[in-house]
Amino acid sequence: MTTDAFLADCRARLAFDLFANTWNAVVLWALRDGPKRPVALREQIGGISSKVLTETLRRLQFNGLVDRREHPGAPPHVAYELTALGRTLLAPIDAVGAWAFAHGDEVMAAQEAAGSKPPGAR
């Protein structure tokens, strides 16, 4: 394994790919206080469809960051929770959030100064 972040087999690129999806970090952060059912996650997050939430949870589960627990009963239900590996991402997510809080106004000012559309948008 190489340390060149631009090569496909680099571990740093794997981490960047995890953060590249808009919803991955949001869902991980929403699970920081313990297991939640999908309905509770959707209510907490807002703006995420059931389909996208399901896809995100499956992707996070595939990557070993989230566990899916089935609970029997009437009616049966599932809940999702962070794995130990998933918890290791909370500090980096918090750091990015702190950066956004500290510099968000600057980024929005730059966007405003550049115009209404990002480069390449039609």
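So, is Trp29 buried, partly exposed or exposed? Keep in mind that we're looking at a predicted model here. Trp29 comes out as partly exposed, because its relative accessible area is 29%, and the buried class needs under 20%.

Okay, where does Trp29 sit? It's in helix α2, which covers residues 22-30. If you skip the neighbours within four places in sequence, Trp29 is in contact with Leu90, Ile93 and Asp94. For a sense of distance, take Ala121, 92 residues away along the chain: its C-alpha atom is 30 Å from that of Trp29.

Now, the helix pair. The axes of α2 and α6, residues 90-114, come within 10 Å of each other and cross at roughly 115 degrees. So α2 is roughly perpendicular to α6, and the crossing is left-handed. On the α2 side the contact is made by Ala25, Leu28 and Trp29, and on the α6 side by Leu90, Ile93 and Asp94. Sort those by class and you get five nonpolar residues, one charged and no polar.

The largest nonpolar core has 20 residues, and the ones touching the most other members are Val27, Leu28, Leu31, Leu57 and Val66. Two or more residues each come from α2, α3 (38-45), α4 (50-62), β2 (77-82) and α6. Which element gives the most to this core? That's α2, with four residues.

Note on methods:
Residues numbered from 1 in each chain as written. Predicted model: local features only at pLDDT ≥ 70, side-chain atom pairs only at ≥ 80, totals over all residues. Heavy atoms only, no water. Buried < 20%, exposed > 50% of the residue type's maximum accessible area, 1.4 Å probe, protein only. Contact = heavy atoms within 4.5 Å. Axes fitted to C-alpha atoms, helices over the stretch in contact; angles between N-to-C directions. Parallel < 35°, antiparallel > 145°, perpendicular 65-115°, else oblique. Left-handed = near helix turned anticlockwise from the far one by under 90°. Nonpolar A, V, L, I, M, F, W, Y, C, P; charged D, E, K, R; others polar. Core = buried A, V, L, I, M, F, W, Y, C linked by side-chain atoms within 4.5 Å.
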